[in-house]
Amino acid sequence: MNNSKNIYLFSGNSNKPLARKVARLLDIKLGKSIIKKFSDGETYVQINEDVKNKKVYVMQSGSNPSNDNLMEMLIMVHALKAMEPKKIIAIIPFFPYRRMEKTVEAGESLTFELVADLLKEAGVDKAIVLDLHKHRSKRFFKFQRKELLAYPVIISRLLKKKLDNFVIVAPDKGSMPECKKYSAELGVPIVKAYKHRKVHDKVIIKKMVGEVKGKDVIIIDDEINTAGTLVGVVNELKKKKARNIYFACTHAVLSGPAIDRLKKAKLREVLVTDSIYLPPKKQLPKIKVISVAPLIAEAIRHDR
Ligand code: R5P
């Protein structure tokens, strides 16, 4: 078990509220650093703590602007490495380029692998990540990796709703393994949707297998990006006369048309975690945020 007194936790700018919550739970202060931009857009970092022979944690979400946030992380790690800490552990609640863990067509980049290699090159000894995409990416880490899972936190929130006569809806094939965990824990069946993406942010549901008429439903996915998937599934569920519709996922990417789509969607509630910081313009009454700070604090406490 880590003694809080011997560790340093630094945070990049992408999700300071989450880093502060984790620091509070560990009863430590965030490590002092200066992070700023030169006028040409390049990033400057200076670490203002003596971390020699100490265990240091650096937290950063690879959310939008992903490239800037990733670069900030790499520069922080690189600056820390020069100060000879005992170990550098990157905490990445939302891994940048997490969906680029396979190529579909010739000429594409396995960008996930590139990001993992860059982290290693910068000086990361270990990464603590949260809900990667479909687990194909494990092989790309050429250093220690621990993956945290948000589903127990989300399930305990869902249990408080005391829903009756409800089903889990899997929006696509890829979400099935995750949905199976929810279905087993909650003891309810899974309804499967088969989606087709016409263009990047437009989704049509080709068919849905399972009974939803008159039932409450919880759609489970790993992330909500443009909300194309969610809107497609909600429309189909409404056609099939589902009752109240809930949606739960780990990563609230919410890019492009997502917020407008969510405002209009006939949804009771959207449960997300704070793996990505939600600025005020993205905070809607129907979006409820569950914190993963206790999960991360626990992982740091028990980290070896
Ligand atoms: C797809 O593989 C993912 O699991 C999500 O379904 C997808 O990223 C959601 O994207 P969007 O909100 O843009 O439909």
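Is R99 buried, partly exposed or exposed? Select R99 to begin: its relative accessible area is 41%, so R99 is partly exposed. The model on screen is a predicted one.

**Stop 1**

R99, at 41%, is partly exposed.

Together with R99 and E223 they are linked in a network of salt bridges. The structure holds 18 salt bridges.

**Stop 2: the ligand**

Select the ligand and show the residues around it. There are 15 of them, and those that come nearest are R99, D221, D222, T226 and T229.

Next, display the distances from ligand oxygen atoms to side chains. For T226, a polar side-chain atom is 2.5 Å from an oxygen atom of the ligand. For E223, an N or O atom of the side chain is 2.9 Å from a ligand oxygen. For K195, the corresponding distance is 3.2 Å, again from an N or O atom in the side chain to an oxygen of the ligand. The ligand taken alone exposes 380 Å², and the protein buries 94% of that.

Switch to a pocket view if the viewer has one. The largest pocket is the space taken by the ligand. Which elements give two or more residues to the shell around the ligand? Colour strand 9 (190–199), strand 12 and helix 6 (228–239) to see them.

**Stop 3: A227**

Select A227, in the loop between strand 12 and helix 6. A227 is not a glycine, yet its phi is positive, at about 70°. Most residues other than glycine have a negative phi. With a relative accessibility of 3%, A227 counts as buried.

**Stop 4: K142 and its two partners**

Move to K142, in the loop between strand 6 (126–130) and strand 7 (144–148). K142 forms a salt bridge with D117, the closest N and O atoms being 2.8 Å apart. D117 is in helix 3, and the pair links distant parts of the chain, 25 residues apart. K142 also forms a salt bridge with E113, where the closest N and O atoms are 3.7 Å apart. E113 is in helix 3 as well, 29 residues from K142.

Colour these residues by accessibility. K142 counts as partly exposed at 45%, D117 counts as partly exposed at 31%, and E113 counts as partly exposed at 26%.

**Stop 5**

Select N165, in the loop between helix 4 (151–159) and strand 8 (166–170). The phi of N165 is near 55°, a positive value in a residue other than glycine. N165 is partly exposed, with a relative accessible area of 39%.

Finish at N64 and P65. What kind of peptide bond joins N64 and P65? The bond is cis, with omega at about 5°. Most peptide bonds are trans. P65 lies in the loop between strand 4 (55–59) and helix 2 (66–81).

Technical notes: Residues are numbered from 1 along each chain as its sequence is written. This is a predicted model: local features need pLDDT of at least 70, side-chain atom pairs count only at pLDDT 80 or more; totals for chains, interfaces and linings use all residues. Side-chain values use heavy atoms; hydrogens and water are left out. A salt bridge is a side-chain nitrogen of Lys or Arg within 4 Å of a carboxyl oxygen of Asp or Glu. Buried means under 20% relative accessible area, exposed over 50%, partly exposed in between (1.4 Å probe, protein chains only). Helices (H or I, at least four residues) and strands (E, at least two) are DSSP runs, numbered from the N terminus. A residue is near a molecule or strand if one of its heavy atoms lies within 4 Å of it. A polar contact is a pair of N or O atoms within 3.5 Å; within protein, one must be able to donate a hydrogen and the other to accept it, and residues adjacent in sequence count only if both atoms are side-chain atoms. Accessible areas come from the Shrake-Rupley method with a 1.4 Å probe; for residues, only the protein chains shown count as cover. On a 1 Å grid over the protein atoms alone, a cavity is a set of points where a 1.4 Å probe fits but cannot get out, and a pocket is an open set with protein on both sides within 12 Å along at least five of seven lines; lining residues have an atom within 4 Å of a point. A molecule sits in a cavity or pocket if more than half of its atoms lie within 2 Å of its grid points.
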